[in-house]
Amino acid sequence: MATPPQPPHSLNAEQQRLAEDTDRVRNWKRWGPYLAERQWGTVREDYSADGETWNYFTHDQARSRAYRWGEDGLLGFTDRECRLCFALALWNERDPILKERLFGLANNEGNHGEDVKEAYFYLDATPTNSYLKALYKYPQAAFPYERLLAENRRRTRHDPEFELSDTGVFADGRYFDVTVEYAKAGPDDILIRLTVANRGPEPARLRVLPTVWFRNIWSWGCAHEDCGEKPRLRARDLHRVECAHSTLGDFVFQQEDDAPLLFTENETNNLRLFAAPNAMPWVKDAFHECVVGGRADAVSPTPEGTKCAAHHVLSLAPGEERVIRLRLHAAATEPADAFGPAFETVMAARRTEADEFYRDLLHHVASTEERRVARQAYAGLLWSKQFYHYVVREWLDGDPKMPRPPDSRLLGRNDDWGHLFSRDVLSMPDKWEYPWFAAWDLAFHMIPFARIDPAFSKHQLNLLLREWYMHPNGQIPAYEYNFSDVNPPVHAWACWRVYKMTGRRGARDRRFLASTFQKLLLNFTWWVNRKDPSGKNLFAGGFLGLDNIGVFDRSKPLPAGGSLTQADGTAWMAFYCSTMLAMALELAEGDPVYEDIASKFFEHFLAITDAMNNLGGNGLWHEEDGFYYDQLLVPGKPAEPVRLRSMVGIIPLFVVEFISRERLQALPGFAKRTRWFLKYRADLARQISYLARDGSETGQYLLAIPTRERLERVLRYVFDEQEFLSPHGVRSLSRKYADTPYVLRMDGAEHHVAYVPGDADSGLFGGNSNWRGPVWFPVNYLLIEALERYHHFYGDSFTMEFPTGSGRRLNLAEIAAELSRRLIKLFLPDGQGRRPSLGDDPRFASDPHWRDHLLFHEFFNGDTGCGLGASHQTGWTALVARLIDQFPGKPLSETLPPFGFRAAKPASSKEREA
């Protein structure tokens, strides 16, 4: 159900700020939570010959080594070009290092790949960053760095990950809650409130170092960043630090208390890392050396530098809380009293305005818990915006002031993406585990984003299609580890959905639609030219984002010189094609020049669908099993279906599009070509169904891959609790393989796939995600949407047993609602307060300092619903907020029809093949 913009007179304070920012009246989004949670171990910081990113720049080096392409910090804040940064640093007087950033295991250190080993939560956020709130839980005992490393190295892929909570450091509440709140008094006036609480039974001491620093842009000699005069931080007194930057302008950092100010330079400690002389005595890790190492001479003796911290020493009684207040503002907008009564007045006002914003957004959601889930999902989505900087040509060539990187890099990773120039705030999948954009993730992010910030969602989708991102050959960059990899082509779908979600029919942003459509034409052509090796409209190549779902690593050559024709790859292309058709028809209503390209996509869709269903007899359909499968092609042998029931065979159901008789009448050029085509290609016309209701002359054509009979057969598996249907959504692999794994014998070897409901036991793609059983939000969301659309066409004449074998028949809209509720309930407390997604940790069920804090994981155990993979992947898992928006906790009879469709009329319908 699309939600139109509210009229101006009804705008709340946050909506007014959004309007001012969109109209460029006031720059409310200039500052935000754009600081990465992890910059070390990324591709863009890797200048090695072998491309081993985790080894080239490690967590241990991060405190001492200046970053080239960004910065990171603990629950930080920065401007949109990451010039001036703020974050927390902490020390419990027991740790071996100053806690300046989140700790986690590198890919080769974890038994299931990289993984952050911390406890932190994004609690609240508004789209303009006018109010932000997050929580970090810091143990009072020494942080168990070595134990986490050793135990996870000892464990195998068949064991669960060893988490921070498993070490016992949070027992008896012996930790500090460190809450950070940001509130804007104006676009360039940021109020910062730190609340530190001792949750333990005994007094405890904590060092808190709020830190402000400049990103190092002066050490490299890079051409594209005008450093001008080196930026400087200078203390005028104990409470005031002046921050001068040639492009950002002059700012002032203020503290209320009398904490000593420490200064150093954001420069690499070459002596520690490389046994080479330092350019100056005060380097990046000076605060660690001063506070933890006790070396007062490690910091600058003069109150200036490019990095500054206020050193607070807190002694807290059991249960005591202490507040630290800070302010960062433009020098030109000096507040009359930086920490007077107005400080708390502004802070309280922004909290209230955040409440109002979400009250209005979720006014139809009655459940307090569902509103909490949606609000924290949106918070995580907003906190996961990040400044992302990567200029591939300069990265490949190296910097003028740095040693020349190995020549091997010029023919290595991303060597053919020299045009890519990224210096933008982008939506990240997870700012620690995946602190880089991923094109198909971002497409899903924009669906919930469209509800809270339509302008940002359209900007992000358009940005990846711009010439400084999209390859000249039309490919959209996948992700920084390999921009040339292929992800499912869902970008057009996201553009189309955001277009429809962000305006009333007749008043939508046609310029956005036309702009993205023109560039998507290039991308669609790239797919057709590169990923249809036989030229027969059956597509293959790449892992398509589903990681280890298949028998083989589909990004690599297959045994015996074989190749795969992919059911999901082909279905994704039909999905892409039908979406482009819908966009073209919409644009044609205002400009008939689009009718021709609509005809092209109509005919291409039918060709792909015909190949999928009929090429060589049954195409990729297996008549005996009633399912779609990949097909294995080995030279000299007949094609063999890979009879593995997985999400691969469900993705063909996602393709559902309509053409109404009214639209055909409004587009005579398209209608004429369509009639001609269907007359002379009657073999392809069978791929279309037509439905008129109650003898009416009006009706609509259905464009979908499966016929009604095939749709029913596939859905029987999908709704079977012994196969795909779990209490928490639809699994990615049939549960039938739990006891009897699938076996494919090929070239003298056996290849096995077993149902694994939790973390991967396969090393494919690093082993840090798993499509062999768990529940994944993006594909579940697309399935729910498809079921709604099928119901729009078939109405109540199409019902299924749900679950299969239960005797309970529902129409497809009701089933879509049931699936949505299963996904939503992952995050809702049961009668004992336990949320399935948070597992069995009793703290999340009963401890008042834990129980209302949510995590939004990458995927979920197919049996228990426990969250797995990246723990802060609010990106696509924020789709739960959209589901709550569409399917709030009401009886089915009261649920509003989702996705903008009215329920189809039941009964006297007649259906015929076109």
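1. Contact means that heavy atoms lie within 4.5 Å. Leaving aside neighbours within four places in sequence, His 312 is in contact with Leu 206, Arg 207, Val 208, Pro 210, Gln 255, Asp 257, Ala 259 and Ile 324. His 312 belongs to strand 19 (residues 312-316). Helices (H or I, at least four residues) and strands (E, at least two) are DSSP runs, numbered from the N terminus. His 312 is buried, with a relative accessible area of 5%; buried means under 20%, exposed over 50% and partly exposed in between (1.4 Å probe, protein chains only).

2. A word on the source: this is a predicted model, in which local features need pLDDT of at least 70 and side-chain atom pairs count only at pLDDT 80 or more, while totals for chains, interfaces and linings use all residues. Residues are numbered from 1 along each chain as its sequence is written, and side-chain values use heavy atoms, with hydrogens and water left out.

3. An open sheet is formed by nine strands in the order 7-8-9-10-20-15-14-13-17, with antiparallel pairing. Two strands pair if DSSP finds at least two bridges between them. Strand 7 (119-125) and strand 17 (304-305) are the edges, each pairing on one side only. Within the sheet, strand 13 (residues 232-237) and strand 14 (residues 240-245) are joined by five bridges; Leu 233 has Cys 243 in strand 14 as its bridge partner.

4. Which strands does helix 7 touch? Helix 7 (residues 341-361) packs on the sheet and touches strand 7, strand 8 (131-139), strand 9 (175-186), strand 10 (189-198) and strand 20 (321-330). Its direction makes about 90 degrees with that of strand 9. Axes are lines fitted to C-alpha atoms, for helices over the stretch in contact, and angles run from 0 to 180 degrees between N-to-C directions.

5. The structure holds 70 aromatic pairs. Rings of Phe, Tyr and Trp (its six-membered ring) pair if their centres lie within 6.5 Å; planes under 30 degrees apart count as stacked, over 60 as edge-to-face and the rest as tilted. Phe 86 and Tyr 182 are edge-to-face, at 6.2 Å centre to centre and 90 degrees between the planes. They stand 96 residues apart, Phe 86 in strand 3 (residues 84-88) and Tyr 182 in strand 9. Phe 86 is buried at 2% relative accessible area, and Tyr 182 is buried at 0%.

6. Trp 850 has a charged group over its ring: the charged end of Lys 137, 4.5 Å from the ring centre. Such a charge counts if NZ of Lys or CZ of Arg is within 6 Å of the ring centre and within 35 degrees of the ring normal. Arg 843 also lies over the face of Trp 850, at 5.1 Å from the ring centre.
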